[in-house]
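Please read it with the structure open.

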Amino acid sequence: PFYKSQDIKNLFEKLEKGERPNKDIAMFVGGCVRNFLDSKKIDDIDIATILSPEDIKKKLQNSEFKVVDTGVEHGSVTVVFNNKSFELTTLRKDIKSFGRHADIKIIDNWKEDSKRRDFTINSIYLNKKGKIFDPQQGVNDLKNKIVKFIGDPQTRIEEDYLRIIRFIRFTIQYNSKVETSTAKAIKLNLNGIKNLS
């Protein structure tokens, strides 16, 4: 499995140094977990972590891992090593949303972090030992090829209008049925797409 690669082991070892043992400091999330569960090729590796971007930089200082600021204001950095890149994002909670961007608060609660993600299939976490943490029942939806917003579709879309386009993309990819409430929420918010770059 992809999570057993030596590069990933080295990265996790450095991130976990000085932290409490047996605590999940970082877990895989998003497309790499979906593709792993579907036995598909894994291209991008996204890692969620309780560490802040500053903590990540300190831990990887003077190591073979290069840290690139890609979205520090959103809690994200990209770690590059051996022509591979890993996106690391700190667990967070949205305090106030503006239709694409949000004011965030850094947290260390995995379940709380899952609530602010877009779809149930994107909120499946996988730890370095291959254990699944699935607070939004995304595994079941992935098995049944159901693309579903977490919580109220209207609220999720208003937080970030890009989610409309992402929803359409995933619905086509998984040939998923669209619930009536979701279709209605998308129609009501279509104008929000005009504000995207």
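Which residues point one way from strand β1 (residues 26–29), which point the other way, and are they buried or exposed? In this predicted model, Ala-26 and Phe-28 point one way, Met-27 and Val-29 point the other way, and all are buried.

**Strand β1 and its partners**

- β1 runs antiparallel to strand β2 (residues 45–49), and four bridges join them.
- In that pairing, the residue of β2 that stands opposite Ala-26 is Thr-49.
- β1 also pairs with strand β8 (residues 125–126), in the antiparallel sense and over two bridges.
- Here Phe-28 of β1 stands opposite Leu-126 in β8.

**Packing of helices α1 and α3**

- Helix α1 (residues 6–16) packs with helix α3 (residues 53–60) at an angle of about 110 degrees, and their axes are 9 Å apart.
- Angles of 65 to 115 degrees count as roughly perpendicular, so α1 and α3 are roughly perpendicular to each other.
- The crossing in which α1 passes α3 is right-handed.
- On the α1 side, the contact is made by Leu-11, Lys-14, Leu-15 and Glu-16; on the α3 side, by Ile-56, Lys-59 and Leu-60.
- Sorted by class, this contact of α1 with α3 has four nonpolar residues, three charged residues and no polar ones.

Notes:
Residues numbered from 1 in each chain as written. Predicted model: local features only at pLDDT ≥ 70, side-chain atom pairs only at ≥ 80, totals over all residues. Heavy atoms only, no water. Buried < 20%, exposed > 50% of the residue type's maximum accessible area, 1.4 Å probe, protein only. Pairing = 2+ DSSP bridges. Axes fitted to C-alpha atoms, helices over the stretch in contact; angles between N-to-C directions. Parallel < 35°, antiparallel > 145°, perpendicular 65-115°, else oblique. Left-handed = near helix turned anticlockwise from the far one by under 90°. Contact = heavy atoms within 4.5 Å. Nonpolar A, V, L, I, M, F, W, Y, C, P; charged D, E, K, R; others polar.
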